[in-house]
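Welcome! Have a look at the sequence and the model, and then let us walk through a few of their parts together.

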Amino acid sequence: MKIGLVLSGGGARGIAHLGIIKALLEMGISFDQIAGTSAGAITGALLAEGYTPDESLKIIESSAFVRHLRPAWNRMGLLRLDTIIDLYKKHIPHNTFEGLKIPLHVVAVDLNAGEQVVFEHGDLIRPVLASCCLPGIFEPMLINKRQFVDGGVLNNLPVDVIENKVDFVIGSHCNVLGPRKPITSMRGVIERSLVLAIQSKTKDRFAKCNILIEPPQLVQYNTTDVSKARELFRVGYQHTRSMSADIEKAFNRPIAELS
């Protein structure tokens, strides 16, 4: 049985993907294809490269991601992501999709064409970062003279990218929608509005997953809570472990037989 893993965007909450993956691996579940958007593209690339979830968490915690961001003076965004390309090359030095241990598919949006583009060959790091370029926050990423922004704008849970390549799809969704405290800042208004807009386009993709993992506790965290990485990891891990009976039922055989 070929198993596909689909990882959503969700900012810092995407760190929960790593806890989810750790629990799945402990259950003997491995992956033949990975598709990711935004934060899911970053965690997917680390997993596809061969890093364990715990190693990936340490990389994210030690990468000083925020300190490497630079202002985007051309006003197409507040910050630039291309300044951290070299940072990621330290961890994935071959910088190619072909060099990964598991096939990876990364979704970004061509801003001018208004369409999603799936990257799965050639240069790796620029497409992964392009998938994270949240409009208005990050300057669009240039790839072959085309401007790309966050894949979540059109497809935050790219099940369609791999559903025909595998027999079984596990969706990990961390862009959780739920009641929040009253919003008191402009950033909060923008963040909440983006979550609402993206979620409305994602619901129909939930049904395409044989298993959907969506830790409800993530609603307590903001998309910028990188400092709470270990908490987010733990939330993903514990929620997935609590689903073990449902996951076994979905596979219609004991989990131990999947390894």
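Let us start with a word that returns throughout: a residue is buried if its relative accessible area is under 20%, exposed if over 50%, and partly exposed in between, using a 1.4 Å probe and protein chains only. Helices (H or I, at least four residues) and strands (E, at least two) are DSSP runs, numbered from the N terminus.

This is a predicted model, in which local features need pLDDT of at least 70 and side-chain atom pairs count only at pLDDT 80 or more, while totals for chains, interfaces and linings use all residues. Residues are numbered from 1 along each chain as its sequence is written, and side-chain values use heavy atoms, with hydrogens and water left out.

**A covered helix**

Find helix H2, which spans residues 39-49 and is mostly covered, with eleven of its eleven residues buried. Among them are Ala 39, Ile 42, Leu 46 and Glu 49. In the loop between E2 and H2 sits Ser 38. Its phi is near 55 degrees, which is a positive value in a residue other than glycine. Is Ser 38 buried or exposed? Ser 38 has a relative accessible area of 8%, so it is buried.

Asn 95, in the loop between helix H4 (85-89) and E5, also has a positive phi, near 55 degrees, and is not a glycine. With 10% relative accessibility, Asn 95 counts as buried.

**A strand and its partners**

Now turn to strand E5, residues 104-110, where seven of seven residues are buried. Leu 104, Val 106, Ala 108 and Asp 110 point one way from E5, while His 105, Val 107 and Val 109 point the other way.

| Partner of E5 | Direction | Bridges |
|---|---|---|
| E2 (residues 33-37) | parallel | four bridges |
| E6 (residues 115-119) | antiparallel | five bridges |
| E8 (residues 146-150) | antiparallel | three bridges |

Val 106 in E5 stands opposite Gly 36, Val 107 faces Val 118 in E6, and Ala 108 lies opposite Asp 150 in E8. E5 and E6 form a hairpin with four residues between them, and Gly 114 in the turn has a positive phi of about 70 degrees.

**Nonpolar cores**

A nonpolar core is a set of buried Ala, Val, Leu, Ile, Met, Phe, Trp, Tyr and Cys residues joined through side-chain atoms within 4.5 Å. The largest has 46 residues, of which Leu 24, Ile 29, Phe 31, Leu 104 and Ile 170 touch the most other members. H2 gives the most to this core, with five residues. There is also a second, separate core of 17 residues, including Ile 15 and Leu 57.

Finally, the axes of helix H3 (residues 53-62) and helix H7 (residues 229-242) come within 11 Å and cross at roughly 155 degrees. Here axes are lines fitted to C-alpha atoms, for helices over the stretch in contact, and angles run from 0 to 180 degrees between N-to-C directions. H3 and H7 are therefore roughly antiparallel, a term for angles over 145 degrees. Residues making the contact (heavy atoms within 4.5 Å) include Leu 57 of H3 and Phe 233 of H7.

Methods:
Two strands pair if DSSP finds at least two bridges between them. Angles under 35 degrees count as roughly parallel, over 145 as roughly antiparallel, 65 to 115 as roughly perpendicular and the rest as oblique.
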